[in-house]
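The following questions and answers concern the model displayed below.

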Amino acid sequence: MRQFLSAATLLVACIPIAQPVCAEQDPPSPILKTSDAIDVLSYAVPQIARVTHVDLDLTADFKAHVLRGTATLDILAQATADQIVLDDKGLVIRQITNARGQPLKWSVGADDDYKGAALTVEIGRERRIIITYLTDPKARALGWLPPELTAGKAKPYLFSQGESINNRSWIPTQDSPGIRQSWAARITVPADLVATMSAERLTPAGLPSATGWRTYRFRMDHNVPSYLIALAIGDLRFQAIDGRTGVFSEPSMLAKDAAELSDTGRMVTTAEAIYGGYRWGRYDVLVLPPSFPFGGMENPTLTFATPTIITGDKSNVDVIAHELAHSWSGNLVTNATWSDTWLNEGFTTYFENRIDEALYGKERAATLADLVWDDLQRDLKGAPNPAATRLHGAPEGVYGELDYNKGSTFLRTIEHAVGRSRWDAYLKSYFNRHAFQPQTSAGFLADLRANLIRGDQKLEAALGLDDWVYGTGLPTNAVHVRSATLAKIDLTLAAIRAGAPASSVHTSHWSTQEWLRFLNGLPRTQSAPRLGELDRTLGLSTSTNGYVRSAWLTLAIANRYDPAIPSIEQFLPNVGRGLLILPIYRALNAQGDWGMPIARQIFETSRQGYHPTIAAAISKLLGPKA
């Protein structure tokens, strides 16, 4: 179809269907062998045998809610290696053979509820294996949506979410960020649906494969961590923004989504001007149905984004700047394990702010940075223990959003100490030196000392690098960027706290960030009449801005404000983004006999519309009865 034109052209047959890749792939990325690069959330033993390429041939069965087909794995192994260990979460394995179709022995170990199980294959001297399998209908990475949960209400939808260790529930491979793999895919879907993936689209319009079916083919020649393999299938259309950027969405939402994201092309060129060329070809955005669990996901070539950022004023397109920035920090240079998530998220939050500043001005960037500081203080205060505030943290990461906010504050502090031009030159060279490779905290600090500090003991002492990465809390040299815009909101808050009427608050030109500063800055204890006045005057319970609605409902619930219940009942079933709904469920949970019945009743009717990871988090929060 014309609306799917891209730099890619239709794939012509070049080699057998088990390996539909014509272009030469990157050579295998290195495996870090330091002790801090050992991924305890993966069963793989990559030093012995590792996957270098994955080739998927899958059919989407929307009636059974399964993907079925094959995964062909290319393996790099020591000469004496006779087995490979993969990661598996609920896959139904039918058979495993070598490239000639001869069966191989395999076994699945004991299942861990989070980590899954080890899938061990006896490969002997074989270095290519074919796994025939299907996914579990409740696969953790896959969100199967009925038509009524889409914008068009007419056709079903499927999307995947791999980070951090979810892709092992639909792809039998080594699911660790330190084991980078190239990949290709052949995806067959009902003919009235469109498939897209985080890779070059070789068949933009799809190819008829049989009556009622259509096949799409994709190729990612660069080595990526397996969590970045992403798939979406639905009633999708495409609108170009410029020659290398565009937006996928459902037809009824496409024009609105594309208008909101019209700066995407400028974002790419802006990012390149700061830290060097964009290396992934196209940069498109897929706006998903509301059940998508995150603000955005940085899948290469195709950011997945929540529709909650579409607010009509571009005040939330910093989410796109964030996911784009991951094309350097996260996708290009990746944390080797999830204990160092800050190497992805802290770097990206910092880089995102630099893109915002270049495009929208210093005050907009200062506003966003000041809110980051607020969130940083919140999480430092809320952490269950000091150890949870270390950047180099537990396997599942640090507390709250400290990997984002403490991490970005660390980098901003370095910039302040050495100057922007010197810092930018270093970071640009860092991305080049470590392109398409995994990284650890120790590795980054070693690189920083070798290529920026260069023996300057005074600078080393001033920065306190080890304290930032391995220490608890917030070092005293942390730089706090202050926003004049938010300072004005603080004056409004002071007046409200002193008793000023809600009618004195003028919100007509407020951005989402100003709303959040105001709502989160209100005293947590409020009387019902005061809450009613705020609600009626500011239209809080009916706000179409998900950020505003979430912040308001959290405050209302904390005060057991009954008039907000209809708004809660309307909002929670229609939004799946964890950032916006989990605080509401937590607030209801905290209100015991008042809030828990509300939470359980809403969750019971809404859980099928949530992504499995979000549904699991809410179920755990609400306890056995949920």
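Q: Is Arg-560 buried, partly exposed or exposed in this predicted model?
A: Arg-560 lies in the loop between helix 14 and helix 15. Its relative accessible area is 37%. Buried means under 20% and exposed means over 50%, with partly exposed in between, so Arg-560 is partly exposed.

Q: What phi does Arg-560 have?
A: Most residues other than glycine have a negative phi. Arg-560 is not a glycine, yet its phi is positive, at about 50°.

Q: Which loop holds Arg-454, and is Arg-454 buried or exposed?
A: Arg-454 also has a positive phi of about 50° without being a glycine. Its place is the loop between helix 8 and helix 9 (457–463). The relative accessibility of Arg-454 is 65%, and the cut-off for exposed is over 50%, so Arg-454 counts as exposed.

Q: How many nonpolar residues are in the contact of helix 6 with helix 8?
A: Helix 6 contributes Phe-410, Leu-411, Ile-414 and Val-418, while helix 8 contributes Phe-444, Leu-448 and Leu-452. No polar and no charged residues are found in this contact, and the number of nonpolar residues is 7.

Q: How many charged residues are in the contact of helix 6 with helix 7?
A: On helix 6 the contact is made by Leu-411, Ile-414, Glu-415 and Val-418, and on helix 7 by Arg-420, Arg-422 and Trp-423. These residues include 4 nonpolar and no polar ones, and the number of charged residues is 3.

Q: Which element gives the largest share of the lining of the second largest pocket?
A: The second largest pocket holds about 960 Å³ of space. Its lining has 43 residues, with Pro-290, Pro-307, Thr-544, Asn-574 and Val-575 nearest the centre. Two or more lining residues come from each of helix 1 (254–260), helix 12 (512–521), helix 14 (546–558) and helix 15 (565–571). The largest share, 3 residues, comes from helix 14.

Q: How many charged residues are in the lining of the second largest pocket?
A: By class, the lining of the second largest pocket has 18 nonpolar and 18 polar residues. The number of charged residues in this lining is 7.

Q: Which residues does Thr-270 touch, not counting residues up to four places away in sequence?
A: Thr-270 is placed in helix 2 (residues 264–275). Its relative accessible area is 14%, and Thr-270 is buried. With residues up to four places away left out, the residues touched by Thr-270 are Ile-355, Ala-358 and Leu-359.

Q: What separates the C-alpha atoms of Phe-238 and Gly-296?
A: Phe-238 belongs to strand 16 (residues 237–240) and is buried, at 8% relative accessible area. Phe-238 and Gly-296 are 58 residues apart along the chain, and their C-alpha atoms are separated by 18 Å.

Key
Residues numbered from 1 in each chain as written. Predicted model: local features only at pLDDT ≥ 70, side-chain atom pairs only at ≥ 80, totals over all residues. Heavy atoms only, no water. 1 Å grid on protein atoms, 1.4 Å probe; cavity = no way out; pocket = protein on both sides within 12 Å on 5 of 7 lines; lining within 4 Å. Points joined across faces, edges and corners; volume = space filled by probe spheres on them. Helix = DSSP H or I, 4+ residues; strand = E, 2+ residues; numbered from the N terminus. Nonpolar A, V, L, I, M, F, W, Y, C, P; charged D, E, K, R; others polar. Contact = heavy atoms within 4.5 Å. Buried < 20%, exposed > 50% of the residue type's maximum accessible area, 1.4 Å probe, protein only.
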